[in-house]
Each structure stands twice: as C-alpha cells, then as structure tokens.
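This briefing goes through one protein model, topic by topic. The sequence and structure come first.

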Amino acid sequence: MSGQNEGGRGGGRHGRGGPFGRHRGGPFGGRGPRMFDPGALRLVVLGLIAEEPRHGYDIIKALEAKFQGAYSPSPGAIYPMLQMLEEADLVVSVANGNKKLYSITEAGQAYLDENAAELAKINGQIEENSTQVSGVALGDEVKALNFAVFSRLRSGSLTAVQAEKAREILKKARRDLEDL
C-alpha cells in the first residue's frame, strides 16, 4: 500500500495532494498533485506581502527562491489571488508604472495574526521540503532540460536518428529517477 492514503487513493506520502494541499495539478504542470491548497498559498502570499510590498512577479520569484527553483507558481494562480486579496481588503495596490505594488492592510495583518500558527507550520513545511535534497536545486535542472529539449524540437534540426536517440536518453533518465 505504499503511496496510498487511508482512503486507498494514490498520492504519495502527502495523501491526495502536495505537501500543502489536497488537489490535483502539479508544481511542474498539470499532472501531479498541486503544491499548495489555495488557502495555504493565500496565507503564504499574504505573509510575503507583509514582509515588504511586492509586485505579483516578485511574489512568484520569492516562492521560487523558497523552493530553490523546484516550484514556481503560475501567474494564473498568483494574479487572480492578488485581486481576491484586494477585494477582501487584505491588501491594497498602488499603480507603479504598468505594475501594481501590493501592501498589506490592517485587516490583512489581523488575518495573518489570527493564522500565525498555520503560516508558521506551512513555512516550516516549505523549508523542510526545499531542503530535503540537501540543498540541491533540482528545479533549475528540470527547467534547463525542458528548455534544451524544446529548443531542439522547435529548431527542427533533429534528424530521425537524433530524435530517437533523444527519446532513449529521456526514457533512461526517467527510469533512473524512478529507480532512485
């Protein structure tokens, strides 16, 4: 029953979702468990804004840095959340060129204070998950590999023999990782 939760559904050691949620999706696309439950991500984002006013892109980069490049939320997850936080009066934005700079409001700080224990727990989990691989930023290599593969595919420069060799390299790398 390894990789099964009590309900019998697969999902790895974190149950039905990532370490911070229970949804399907995935930090590297739409295939595995989502990294964050929306409530947890909202709390972490609000915590980042409380540290200092930030643009949406800054929030994405701050989360990527927390995870040593292994996770980066999509703009489609962050920008609607920022709008929702603003509509709930938890943050306020000021136009800064063609960007918005978000700052926490008194209501947002009160919400953070009420949920300080939960935010501390989530931040602890982030730290634990980002250091589980001894400080090696595997996400950077995954992105670099993805870029290399798709650059070659888009260029149209692969011969049939090279494409088959590339496919075999990728299959072997996948199997090697699965066997770790």
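**Overview**

The protein chain has an accessible surface of about 11400 Å², of which 55% belongs to carbon and sulfur atoms; accessible areas come from the Shrake-Rupley method with a 1.4 Å probe, and for residues only the protein chains shown count as cover. This is a predicted model, in which local features need pLDDT of at least 70 and side-chain atom pairs count only at pLDDT 80 or more, while totals for chains, interfaces and linings use all residues. Residues are numbered from 1 along each chain as its sequence is written, and side-chain values use heavy atoms, with hydrogens and water left out.

**Fold**

- The protein chain has 7 helices and 2 strands, taken as DSSP runs numbered from the N terminus (helices: H or I, at least four residues; strands: E, at least two).
- Along the sequence the pattern is α-α-α-β-β-α-α-α-α.
- Of the 180 residues in the protein chain, 27% are buried (buried means under 20% relative accessible area, exposed over 50%, partly exposed in between, with a 1.4 Å probe and protein chains only).
- Among contacts (heavy atoms within 4.5 Å) with a separation of 6 or more, 45% are between residues 24 or more positions apart.

**Helix α2**

- Helix α2 spans residues 56-66, and its buried residues are Gly56, Ile59, Ile60, Ala62, Leu63 and Glu64.
- Glutamine 68, which follows α2, has a positive phi near 50 degrees.

- Strands β1 (residues 91-96) and β2 (residues 99-104) run antiparallel and are joined by 6 bridges; two strands pair if DSSP finds at least two bridges between them.
- Valine 91 stands opposite isoleucine 104 in β2.
- The hairpin has 2 residues between the strands, and glycine 97 takes a positive phi near 70 degrees.
- Serine 93 is found in β1 and is buried, with a relative accessible area of 18%.
- Serine 93 touches Glu86, Lys100, Leu101 and Tyr102, not counting residues up to four places away in sequence.

**Salt bridges**

- The structure holds 8 salt bridges (a side-chain nitrogen of Lys or Arg within 4 Å of a carboxyl oxygen of Asp or Glu).
- Arginine 54 is buried at 10% relative accessibility; its side chain meets that of glutamate 51 in a salt bridge (2.9 Å, N to O).
- Glutamate 51 is exposed, with a relative accessible area of 54%.
- Arginine 54 also forms a salt bridge with glutamate 52, with the closest N and O atoms 4.0 Å apart.
- In helix α7 (residues 160-178), lysine 171 and glutamate 168 lie 3 residues apart, about one turn of the helix, and their side chains form a salt bridge (3.8 Å, N to O).
- A network of salt bridges links Glu164, Arg167, Glu168 and Lys171.
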